[in-house]
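The sequence and structure come first, then the notes by topic.

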Amino acid sequence: MNRNRIALLYVAALWMVGVSVAEAAPVDTKDAIVIERGRYLTTAGGCGDCHTPLKMGERGPEPDMSRMLSGHPEYLQMPAAPALPEGPWMVVSSATNTAWAGPWGTSFVANITPDMETGIGKWSADDFIYTIRSGRHLGRGRQILPPMPVPAIQNLTDEDLTAIYAYLMTVPPIENHVPVPIAPGAAVVAVGN
Ligand code: HEC
């Protein structure tokens, strides 16, 4: 190959890179930055501490990443929560950290993967923002129960909540029906939402 031809190929390669950068990068890069910010906030915000079930590993309980952010595992039927003795204890939680019983009854951690039927796949970014801001399902449904840290994360900006939403839409969708909550005092575990 002579020098001219190499130079020509080089120019052609640059031109192609230039075109693809000019056409694709602005949108993709912006999305990628928002998603990465959402990943950062979701991780540092500890969403997975509750939304990813724990399993028993060699060194003790560890997050079951095969069920990442999918909430209380549907296979785990919980017996009625144990009654606590008089005194300053208030809450019990399951070994998975996804079922919680306290004065509000028993709540089950939600599936926040983008699964269409059992997760938040059908939610818009606004649905997500309204839910977190109001502490009500989709901004108008029933109140979201403890220990979901609504009082803390409702302080995030729209921008940050949008980023968390954008990230959640990119995680693997996991089909997992989470039980509806049980009112205080009720003994039966209802399954399915
Ligand atoms: C301490 C445990 C805990 C942490 C940490 C937590 N959640 Fe939750 N979350 C819950 C529980 C429990 C529910 C279900 C409450 C209910 O059924 O009323 C829930 C429900 C939700 C819902 C569903 C609401 C609905 O209406 O269906 C969303 C969305 C959500 N959490 C997002 C998040 C995000 C984002 C984070 C991290 C910033 C987070 N959660 C951190 C426990 C937690």
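Two residues are in contact if their C-beta atoms, placed from the backbone, lie within 7 Å. Helices (H or I, at least four residues) and strands (E, at least two) are DSSP runs, numbered from the N terminus. This is a predicted model, in which local features need pLDDT of at least 70 and side-chain atom pairs count only at pLDDT 80 or more, while totals for chains, interfaces and linings use all residues. Residues are numbered from 1 along each chain as its sequence is written.

**Chain and confidence**
- The chain has five helices and five strands, in the order α-α-β-β-β-β-β-α-α-α.
- Of the contacts in the chain with a separation of 6 or more, 57% join residues 24 or more positions apart.
- Mean pLDDT (the predictor's confidence in each residue, from 0 to 100) is 88 for the chain, and 82% of its residues reach 70 or more.
- Residues 17-22 have pLDDT below 50, and this stretch has zero contacts in the model beyond near neighbours in sequence.
- Residues 188-193 also have pLDDT below 50, but this stretch has 14 contacts beyond near neighbours in sequence.
- Where pLDDT is low, the predicted coordinates should not be read in detail.

**Helix α3 and burial**
- A residue is buried if 20 or more other C-beta atoms lie within 10 Å of its own, exposed if 12 or fewer, and partly exposed in between, with C-beta atoms placed from the backbone.
- Buried residues make up 24% of the 193 residues in the chain.
- In α3 (residues 125-134), the buried residues are Phe128, Ile129, Thr131 and Ile132.
- These buried residues line one face of α3, because they fall within an arc of 160 degrees seen down its axis, the arc being that of the directions from the helix axis to the C-beta atoms.
- Their cover includes α4 (150-153) and α5 (158-168).
- Gly135 follows α3 and has a positive phi, near 70 degrees.

**Strands β4 and β5**
- Strand β4 (residues 99-102) pairs with strand β5 (residues 105-108) in the antiparallel sense over four bridges; two strands pair if DSSP finds at least two bridges between them.
- The two strands β4 and β5 form a hairpin with two residues between them.
- Trp100 has Ser107 in β5 as its bridge partner.
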